[in-house]
Amino acid sequence: ARTMSPPGWYFHALAMNKYLNGDYEGAIEDAGHSARNGSAVGLAIMAAAQGRLGDVVAAAETLTLLAENSPATMRDPAAEFRTHQVVDTTINALIDGLAMAGWKAQ
């Protein structure tokens with residue numbers, strides 16, 4: 001709240017932290033700041049949180065946006081997360097949420 005006009009990536013760690021702590025609505029809110037600009041990481045976190053909440057309609061819409069904005073991330077979200085130095089335990093938790101959202105490994 002104290003940072004004026006933060007870039008979208010600023011919210012990635014905040015969203016991941018909320019996701020890992022079970023605050024999926026908070027994760028969606030934070031991820032939405034970067035997802036608005038088409039961030040693959042933001043969209044993936046958002047879809048994973050929507051999947052955890054069982055909101056399959058919203059998750060399907062977010063996965064469609066992810067596929068349009070970053071087909072490579074849609075194919076291999078773990079690789080995208082690794083480029084941002086996300087650790088494997090966090091990646092696994094996010095991939096589980098993406099699977100709940102309807103994402104399938106290709």
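## How H1 meets H2

Helix H1 passes helix H2 in a left-handed crossing. Before going further, please keep in mind that this is a predicted model. H1 covers residues 12-20 and H2 covers residues 24-35, and their axes come within 8 Å of each other, crossing at roughly 165°. Angles over 145 degrees count as roughly antiparallel, so H1 and H2 are roughly antiparallel to each other.

Which residues make this contact? From H1 come His12, Leu14, Ala15, Lys18 and Tyr19, while H2 brings Tyr24, Gly26, Ala27, Asp30, Ala31 and Ser34. Sorted by class, the residues of this H1 and H2 contact are six nonpolar, three polar and two charged.

## H1 turns up again, beside H7

H1 also has a contact with H7, and here the two axes come within 11 Å and cross at roughly 75°. H1 and H7 are therefore roughly perpendicular to each other. On the H1 side you will find Met16, Tyr19 and Leu20; on the H7 side, look for Thr90, Ala93, Leu94 and Gly97. Five of the residues in the contact of H1 with H7 are nonpolar and two are polar, with no charged ones.

## H3 against H7

Next comes helix H3, residues 40-53, which packs with helix H7, residues 88-101, at an angle of about 65°, the axes lying 7 Å apart. The crossing of H3 and H7 is left-handed.

H3 supplies Ala44, Ile45, Ala47, Ala48, Gly51 and Arg52 to the contact, and H7 supplies Ala93, Leu94, Asp96, Gly97, Leu98, Met100 and Ala101. Nine of the residues in the contact of H3 with H7 are nonpolar, two are polar and two are charged.

## The nonpolar core

How many residues make up the largest nonpolar core? There are 30, and those with the most contacts inside this core are Tyr19, Ile45, Leu63, Leu66, Phe81, Leu94 and Leu98. The elements giving two or more residues to the core are H1, H2, H3, H4 (56-69), H6 (77-83) and H7. H3 provides the largest share, nine residues.

Setting aside neighbours within four places in sequence, Phe81 is in contact with Val41, Ala44, Ile45, Val86, Ile91 and Leu94.

Notes:
Residues are numbered from 1 along each chain as its sequence is written. This is a predicted model: local features need pLDDT of at least 70, side-chain atom pairs count only at pLDDT 80 or more; totals for chains, interfaces and linings use all residues. Side-chain values use heavy atoms; hydrogens and water are left out. Axes are lines fitted to C-alpha atoms, for helices over the stretch in contact, and angles run from 0 to 180 degrees between N-to-C directions. Helices (H or I, at least four residues) and strands (E, at least two) are DSSP runs, numbered from the N terminus. Angles under 35 degrees count as roughly parallel, over 145 as roughly antiparallel, 65 to 115 as roughly perpendicular and the rest as oblique. A crossing is left-handed if the near helix is turned anticlockwise from the far one by less than a right angle, and right-handed if clockwise. Contact means heavy atoms within 4.5 Å. Ala, Val, Leu, Ile, Met, Phe, Trp, Tyr, Cys and Pro count as nonpolar, Asp, Glu, Lys and Arg as charged, and the others, Gly among them, as polar. A nonpolar core is a set of buried Ala, Val, Leu, Ile, Met, Phe, Trp, Tyr and Cys residues joined through side-chain atoms within 4.5 Å. Buried means under 20% relative accessible area, exposed over 50%, partly exposed in between (1.4 Å probe, protein chains only).
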